[in-house]
Amino acid sequence: MVRRLVVGTAGHIDHGKTALVLALTGVDTDRWEEEKRRGITIDLGFAPFGLGAGLEASIVDVPGHEGFVRNMLAGATGIDLALLVIAADEGIMPQTEEHLAILELLGVTAGIPVLAKADLVDSEWLELGRGDVTARLARGRGRGASPVATSAVTGVGLDALRAAVREAAGGLAGRATDDLFRLPIDRAFAVAGAGTVVTGTTWSGTVAVGDAVRLLPLDREGRVRSIEVHGAAADRAVPGRRTALALVGVHKDEVRRGHVAVTGPGWRATPVIEAEVELVATAARPLTNRARVRVHLGTAEGLARTVLAAPLVPGSHGVARLVLEAPLVARGGDRFVLRSFSPVTTIGGGVVTDPLPVTRRGRATSVTAGRPPVERVLAWLGTAGLSGLAQDDLPVRLGLTPAGSASVVAAAGKAVLDAGGLLVARTVMAAATEDLGAALDRHHRERPLEPG
């Protein structure tokens, strides 16, 4: 069985991320002339990462400059393992801290600290740096991994880093292939003879040549003409791999970063998400009701207003609804990052508990936060009333595979009635039946001479 994972870089500007990727893969991920001229990474870069039989990896190289954090966020969402790159001659710097906070908010707990540019320092300084990094990471949420000292110039430590990645990959959960297909898009362009090409990292599910995909929030359908994985033709896209889809039926000017290619029912662009939110301890001020924030989910960035039961102080958690200024695509369990509107800094993040909540006025009063899937479904059905809930919506709303969602419904047992794929709570149906009977009795009492 082949295991697949996405490895992402993180770290301060000019700490050697791109040089490290080049040394590990032979691929220069700086594609733009301006990147080469300025000597910094501006946009996302990608490379296949050979790790031996049974393991396929893709590397996402992100910019370290504070002005390009939005690009970093587009690449960091969806990675399985992070390489936190810290220059041995400089140590932990401001963007190191922000990137580390972003990784923690996104739930990326598997990571390897890399002391790059080890050829620039002596052994004593290197050990001091190793101690500083170990101490800092011990205060975080990630799994404890020993720093690996490397040099892209001399090649020192590269084999040890590859071995550390292989070892870390063994503890990662695989991505489900029997799930709904989702590809957050980070680039769209036209290629002569192929048409519109969209690229991204496949998050879940599979799609094959000839299949139809839906582009959201465009709500347009396209057919997959061809597929490439890291530049090599493929018959099928699989999760955890860098993927390019050539599409028929959509123009490149219609698609942009932040859009999503999906298959299967249940997907919709949503104007509101309900979430469990945390505010980082270093946030400058509390998060208040109606605050305007920037939401980064997948490759999408959007503005939203917060709806809170009470203000969140730095370092605290709470429930929130995010009312988006433009719809985006979300799924239950998705993690996101919040940044302040102005000045633009990372202030927190969270996890989506309901991507398609019932819209209601007032402050956030979540009925699903922290509850197991069966209880969440019953709560949603109680709110939906006789309108019910389409069973096909559950994989997206719960964030489970179709088979996993069916198991949740089965576990609910007699509490749920299935009317041809429309789920209704038995208590709701019983109450409606009683109301109907009472209305009929009242009608006969008030109009005894009417026939029927």
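This is a predicted model: local features need pLDDT of at least 70, side-chain atom pairs count only at pLDDT 80 or more; totals for chains, interfaces and linings use all residues.
Let me begin with alanine 82, which counts as buried at 4% relative accessibility, where buried means under 20% relative accessible area, exposed means over 50% and partly exposed lies in between, for a 1.4 Å probe and protein chains only. Residues are numbered from 1 along each chain as its sequence is written, and side-chain values use heavy atoms, with hydrogens and water left out.

Alanine 82 sits in strand E4, residues 81–87; helices (H or I, at least four residues) and strands (E, at least two) are DSSP runs numbered from the N terminus. Leaving aside neighbours within four places in sequence, alanine 82 is in contact, meaning heavy atoms within 4.5 Å, with Gly8, Leu103, Val108, Ala110, Gly111 and Ile112. The C-alpha atoms of alanine 82 and glycine 111 are separated by 4.4 Å, although these residues are 29 residues apart along the chain.

Strand E4 belongs to an open sheet of 6 strands in the order E2-E3-E1-E4-E5-E6, with mixed pairing, and two strands are said to pair if DSSP finds at least two bridges between them. Which strands stand at the edges? They are E2 (45–50) and E6 (148–149), each with a single partner strand, so one side of each is left without a neighbour in the sheet. E1 and E3 run parallel and are joined by 6 bridges, and glycine 8 has valine 60 of E3 as its bridge partner. Helix H5, residues 123–138, lies across E4, E5 (111–116) and E6, running at about 155° to E5; such angles run from 0 to 180 degrees between N-to-C directions, and axes are lines fitted to C-alpha atoms, for helices over the stretch in contact.

Turning to helix H3, residues 69–76, we find that 7 of its 8 residues are buried, namely Val69, Asn71, Met72, Leu73, Ala74, Gly75 and Ala76. What do the buried residues of H3 pack against? Their partners are strands E1 (3–10), E3 (55–61), E17 (292–297) and E20 (335–340), together with helix H4 (94–105). Just after H3, glycine 78 takes a positive phi of about 95°.

A nonpolar core here is a set of buried Ala, Val, Leu, Ile, Met, Phe, Trp, Tyr and Cys residues joined through side-chain atoms within 4.5 Å. The largest has 52 residues, of which Val277, Leu287, Val295, Phe336 and Leu338 touch the most other members, and H3 gives the most to this core, with 5 residues. A second, separate core of 25 residues includes Val21, Val85, Ile112 and Val165.

Next come two packed helices, H1 (residues 17–25) and H6 (residues 158–169), whose axes are 11 Å apart and meet at an angle of about 85°. That makes H1 roughly perpendicular to H6, a label used for 65 to 115 degrees, with under 35 roughly parallel, over 145 roughly antiparallel and the rest oblique. Leu20, Ala23 and Leu24 of H1 meet Leu158, Leu161 and Arg162 of H6.

Finally, arginine 241 lies in the loop between strand E13 (236–237) and strand E14 (242–248), and is buried, with a relative accessible area of 11%. Not counting residues up to four places away in sequence, arginine 241 touches several residues, including Arg4, Glu56 and His230.
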